[in-house]
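Colleague: I would like to work through this model feature by feature, with the criterion stated before each case. Please start with backbone geometry.

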Amino acid sequence: MKGVILGIAPGAQIVDISHDVEAFELTEGAFVIAQAYRYFPKKTVHAIVIDPGVGSARRPILAEIAGQYFVAPDNGILSMIFSREPKKKVRHVTNEKYFLHPVSRTFHGRDVFAPVAAHLAAGVPPSRFGTVIDDYVRVNIDKPTRTGKRVWTGAVLKVDRFGNLITNLHIDEFPEIRTLHFELNAGLQQISRLASTFSEVAPGEFFVVVGSSGYLEVAANQGSAAKMLGCATGSPVELTFFAG
C-alpha cells in the first residue's frame with residue numbers, strides 16, 4: 001500500500017495510526033480512527049482498511065468530514081465519526097480510473113483504497129471519484145442502552161495493550177459516577193471504585209478510570225483486566241447507580 005501511495009503521490013507523508021487492530025474487529029477500528037482523526041491537520045487523507053467484506057458487494061466510500069478525507073469500506077467503520085460530526089459528505093467511489101489494475105478480489109487496500117487516497121493527496125477533487133450518497137452504513141457503536149431506571153448496558157470498544165477495557169460509557173454522559181455510588185459489572189466482577197490514576201489503587205486491584213478519550217475504562221493496577229476478567233472487544237458491561 002505504501003509503495004502504491006508513493007508511486008502516485010511521491011511527496012505524501014505517510015503516518016501509521018495503527019496496525020494492531022484485532023482482525024475483523026470493526027468496533028475497535030471505529031474507535032481507533034474516531035479518537036485519532038481530530039489531532040491531524042486539515043486535508044489529511046485517512047485510508048482505513050478493516051475490511052472483512054473485501055471482494056463482496058460492499059461499497060468503497062470517500063467521506064469528507066471536518067475538513068479531512070476518509071477512504072474506507074462502507075461497513076460501519078466510520079460510524080463513531082458520523083455520529084460526532086453533523087456535517088459530512090459521503091461518496092460511493094465508482095471511478096475505476098483511480099484504482100490499481102487489475103483489482104484483486106482480496107486486497108482492496110492495495111488496489112482501491114491506497115490509490116484513491118494517493119490521488120486525493122495529489123490534488124484530485126473528491127467529486128471525480130463518485131456521486132454523493134446518503135444510505136451509507138451506520139451502526140450504533142458508542143451509545144449504551146438504558147436497561148433500567150438507573151442501569152445502562154454498554155460494551156467494550158477496545159482492549160488496549162495493557163489489558164484495560166475501554167467501554168462505550170463516556171464521562172460526559174455519566175458525570176454522576178464521580179459523586180454517586182455505582183457498580184460497573186465486567187465479566188463476573190462488580191467494580192465500585194473510581195480512581196483518578198493507577199497509583200491510587202493497590203497492585204492487582206480492579207477500578208474504573210476516565211481514560212484519555214473520555215470513556216470509562218475498567219483496569220487492574222499492574223495487571224491485565226481483560227485476562228483477569230475474561231473480557232474482549234464487544235464484551236458487555238453494565239453500569240448501575242444507587243440513590244442516596
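**Reading the model**

Modeller: At 27% relative accessibility, Ala66 counts as partly exposed. With a 1.4 Å probe and protein chains only, buried means under 20% relative accessible area, exposed over 50%, and partly exposed in between. The model is predicted, so local features need pLDDT of at least 70 and side-chain atom pairs pLDDT 80 or more, while totals for chains, interfaces and linings use all residues. Residues are numbered from 1 along each chain as its sequence is written, and side-chain values use heavy atoms, leaving out hydrogens and water.

Colleague: What is the phi of Ala66, and where is the residue placed?

Modeller: Most residues other than glycine have a negative phi, and most peptide bonds are trans. Ala66 has a positive phi of about 55° and lies in the loop between β2 and β3. Element names refer to DSSP runs numbered from the N terminus: helices are H or I with at least four residues, strands are E with at least two. Lys43 also has a positive phi, near 70°; its place is in the loop between α2 and β1. Lys43 counts as exposed because its relative accessibility is 65%.

Colleague: Which residues does a cis peptide bond join?

Modeller: The cis bond joins His101 and Pro102, with omega about 0°. Pro102 is in the loop between β4 (88–92) and α4.

Colleague: How many helices and strands does the protein have, and what share of the residues is buried?

Modeller: There are five helices and 13 strands. Of the 244 residues, 48% are buried. The C-alpha trace spans about 65 × 35 × 30 Å along its principal axes.

Colleague: How should I read aromatic pairs, and how many does the structure hold?

Modeller: A pair of aromatic rings is described by the distance of the centres and the angle of the planes. Rings of Phe, Tyr and Trp (its six-membered ring) pair if their centres lie within 6.5 Å; planes under 30 degrees apart are stacked, over 60 edge-to-face, and the rest tilted. The structure holds eight such pairs. One of them is Tyr37 with Phe70: the centres are 5.8 Å apart and the planes at 75°, so the pair is edge-to-face. This pair links distant parts of the chain, 33 residues apart: Tyr37 is in the loop between α2 (26–36) and β1 (45–47), and Phe70 is in strand β3 (residues 68–73). Tyr37 is buried, at 2% relative accessible area, and Phe70 is buried at 0%.

Trp152 and Phe174 form an edge-to-face pair, 5.2 Å centre to centre with 75° between the planes. They are 22 residues apart and link distant parts of the chain, Trp152 in strand β7 (residues 151–159) and Phe174 in the loop between β8 (165–170) and β9 (181–186). Both are buried. Ring pairs link Trp152, Phe174 and Phe241 into a cluster.

Colleague: Over which ring does the charged end of Arg138 sit?

Modeller: The criterion is NZ of Lys or CZ of Arg within 6 Å of the ring centre and within 35 degrees of the ring normal. The charged end of Arg138 sits over the ring of Tyr136, 4.1 Å from its centre. That of Arg161 sits over Phe162, 4.8 Å from the ring centre.

Colleague: Which residues of the largest nonpolar core touch the most other members?

Modeller: In soluble globular proteins, nonpolar side chains tend to be buried together. A nonpolar core here is a set of buried Ala, Val, Leu, Ile, Met, Phe, Trp, Tyr and Cys residues joined through side-chain atoms within 4.5 Å. The largest has 25 residues, and Phe70, Leu78, Met80 and Ile81 touch the most other members. Two or more residues each come from α2, β2 (60–65), β3 and α3 (79–84). The largest share, five residues, is from α2.

Colleague: Where does Pro144 lie, and is it buried or exposed?

Modeller: Pro144 lies in the loop between β5 (132–133) and β6 (145–148). At 16% relative accessible area, Pro144 is buried. Its C-alpha atom is separated by 9.2 Å from that of Glu238, 94 residues away along the chain.
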